[in-house]
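Open the model in your viewer and keep the sequence panel beside it. We will go stop by stop.

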Amino acid sequence: MLDDALDEPPSRPAVPAANTPLLDGQVHDFDPSSIRVNQLSSLLALGIFAIISLPILLGLFFAIDGEWTKILVLAWTLLIAFLAARALIWPPIAYRHAHFQLDDHGLTLWRGVLWRSVQRVPRNRVQHTDVTQGPIARIFGLATLTLFTAGNHYAAVSVPGLRHEDAVALRDHLLPDHLLPDSAGDAV
Amino acid sequence: MPSEDGRPPLEPSFASPAAARHLPPVSLLFDLWQAVRSFLLPVILVTVFSSGRSYELFFAILILPSFAAALVRYFRFSYILGPEELVIRDGILTRQERHIPYSRIQNIDLIRNPLHRLLGVATVKLETGSGGQAEAEINVLTLAAIDELRSHVFDRRPRPGADLAIAATEPLLELGPRDLLMLGILENRGLVVAAALAGLLAQFDLFPKVNDENAVKALLEQTYSQIVDASSGLSLAKIGLLALSLILAVAVISRTLSIAWAFFRLHGFKLELGPHDLRSEHGLLTRYSTSIPRRRIQQISWRSSWLWRLFGRAAIAVESAGRSGENGQNPGSARLELLPIVQADASQKLVETILPELELGQLEWQPLSRRAFGRMLRKRVILWSLLAPALAYFLGWLGLAFFALGAAWSTLTARRFVTRSGWALGDHVFALRRGVFGQATIAIPLEKIQAVAVYESPFDRRAGMAALHVDTAGASQDDQTRVAYLDRQKALDLAAILTAAAAKRSFRW
């Protein structure tokens, strides 16, 4: 039968007297700079989109006559304006609804504004982790921590908007558990 | 010391830990056959259909290097059943030594075509997961050697004494012709088979006209005009009758094909329960044997659609998964139809026999939110009401009748959904079920839970409900392990409980 129905959690030091206060089992917000990072990334992506779509727009502009050109330009401008507004307005709203918590059981993530979710990853299900920094995040000293599990829908849970040192601390905190060999020698 | 004829030495393997074993001589035959096979069919076709030029001799010469390679491969191949791992040595030019720890081996699958069966051997495929390729394929081993391999992999203690007989297994289910007949009717793989046959025929260019667009068009036009001519004299009723009989004919043909396919694929289906694994075999001409270690089972489900329920049958499936790939790639998912067709009343009992540690008999099913029915009903009534004016306008009284029928139907399905859906939390398992006219139940051992999430859409939030999603290794991408229409607080509490339960139990592949 299944050998190890109920393991006691392997003895390890309790949540370490943290070098960062984030590992205290409380619910935390992400780093406020992440708002800026999101805004800038969105605007950058929008800028690229605008630049790429401009030749197409101009092409259509010259191909079509009359009223339609005005409507086309108007539509394009409105689209860009709308996306720009969204890029500026949305991140602060999303920030207010995003939280995380690391405790003895694992990591919990709260996300989403309209479609909200609470994601929980037990600590002993983390197969491995990644800490990555996009170019804009690096400027602000932020990083994204990605947890990989054996699951399918949640094979990779990414936690952006952490300060780089916090991401590393979280990663280190989550890492040691599965380096402990379990009795079957199945450890990674 | 390698034994003379590939049969394992009679002394227990731990006494001579480094005993390298070789393939039985007949494996040479199979290797040669595989080499020849890729040439054989074209050669035959060419000889039969060609104008008798002599380049089939040329093909024959090409076979010789394959023969030589097969010979070398045979002599080079050896394997060792070590205490902790299987070591395979092979390779013609480059020597390769592969170490496969027993703990990594997920499946040992066997394939036996009629020739294999005649000679008492089998092709062995070892899988360690990531789906896709088999980790090692051994072509071929004798049945005794396979049993010894199995006992090493699954029991992980070399058996003392000459206890190399087949490990004690308990037969769980056998499918007879009646079951296969039923399966063929219920499954309707007929269309798939027809398509495959058509593809096969097209391969050999026996449908020359299919390649020619104009010819097809002409053929269709001709048929159409023939139909029009023939039916111009007939009344509407007769045309209706003809159409109906045509549909029936197609249905009958496809079901017949489906039944034939079920027989072909699952003839002699047998499922056995070993001490640590489940072994199934099936197949008419080519026999397939697979085994799944029970601890690899991530989810087990039993389901019947409305049609299956009508005939009182269900299907039991398991999801098992291999190890995660490199860099967090998804492990290969295998949703295995473990028991393709069983008596519906027996399905839960069978699942309990397969995984008794889940204690499924003790489950107390909890319903969805009390307000779920009201919410579903409101949504459907609103949708139908939006449709009603259009229906009334276009179809008059008939339209209103449709509206009434539609609303009644929606109410019925909503009611049935709410009463037949729910969840249950045991000491070792989390289960969920749903159904309107059919029923699907999925059980997840708590130690297989990977991650848990609770979702709420804006509509959920207004209704104070949420959906719970449980993730397991290799779960398929659909929403199978999701329970919607739960009370919000209940969903959050459940998520916390499940996470805690998972955190207390280590996860083993």
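pLDDT is the predictor's confidence in each residue, from 0 to 100. This is a predicted model, so begin by colouring by that score.

**Confidence**

Select chain A. Its mean pLDDT is 82, and 82% of its residues reach 70 or more. Now pick residues 1-18 of chain A, where the pLDDT is below 50. Beyond near neighbours in sequence, this stretch has 27 contacts in the model. Where pLDDT is low, the predicted coordinates should not be read in detail.

**The sheet**

Which strands form the open sheet, and in what order? Select β5, β6 and β7 of chain A: the 3 strands run in the order β5-β6-β7, with antiparallel pairing. At the edges are β5 (126-132) and β7 (156-163) of chain A, each pairing on one side only. Neighbouring strands of this sheet are turned by 20 degrees against each other on average, direction ignored.

Zoom in on β6 (residues 142-149) of chain A. With β7(A) this strand makes 6 bridges, in the antiparallel sense. Click L142(A): opposite stands R163(A), in β7(A).

**The nonpolar patch**

Switch to a surface view. Select L40(A), L43(A), L88(A), I89(A), I139(A) and F140(A); together they make a nonpolar surface patch of about 540 Å². Then show the helices α1 (33-63), α2 (67-96) and α3 (135-140) of chain A, each supplying at least two residues of the patch. Finish on L88(A), which lies in helix α2 of chain A.

Key. Residues are numbered from 1 along each chain as its sequence is written. Chains are lettered from A and ligands numbered from 1 in the order in which they are written. This is a predicted model: local features need pLDDT of at least 70, side-chain atom pairs count only at pLDDT 80 or more; totals for chains, interfaces and linings use all residues. Side-chain values use heavy atoms; hydrogens and water are left out. Two strands pair if DSSP finds at least two bridges between them. Helices (H or I, at least four residues) and strands (E, at least two) are DSSP runs, numbered from the N terminus. Axes are lines fitted to C-alpha atoms, for helices over the stretch in contact, and angles run from 0 to 180 degrees between N-to-C directions. Contact means heavy atoms within 4.5 Å. Patches are made of residues with over 30% relative accessible area and no salt bridge: like charges are joined within 9 Å, nonpolar side chains (Val, Leu, Ile, Met, Phe, Trp, Tyr) within 5 Å. Accessible areas come from the Shrake-Rupley method with a 1.4 Å probe; for residues, only the protein chains shown count as cover. A salt bridge is a side-chain nitrogen of Lys or Arg within 4 Å of a carboxyl oxygen of Asp or Glu.
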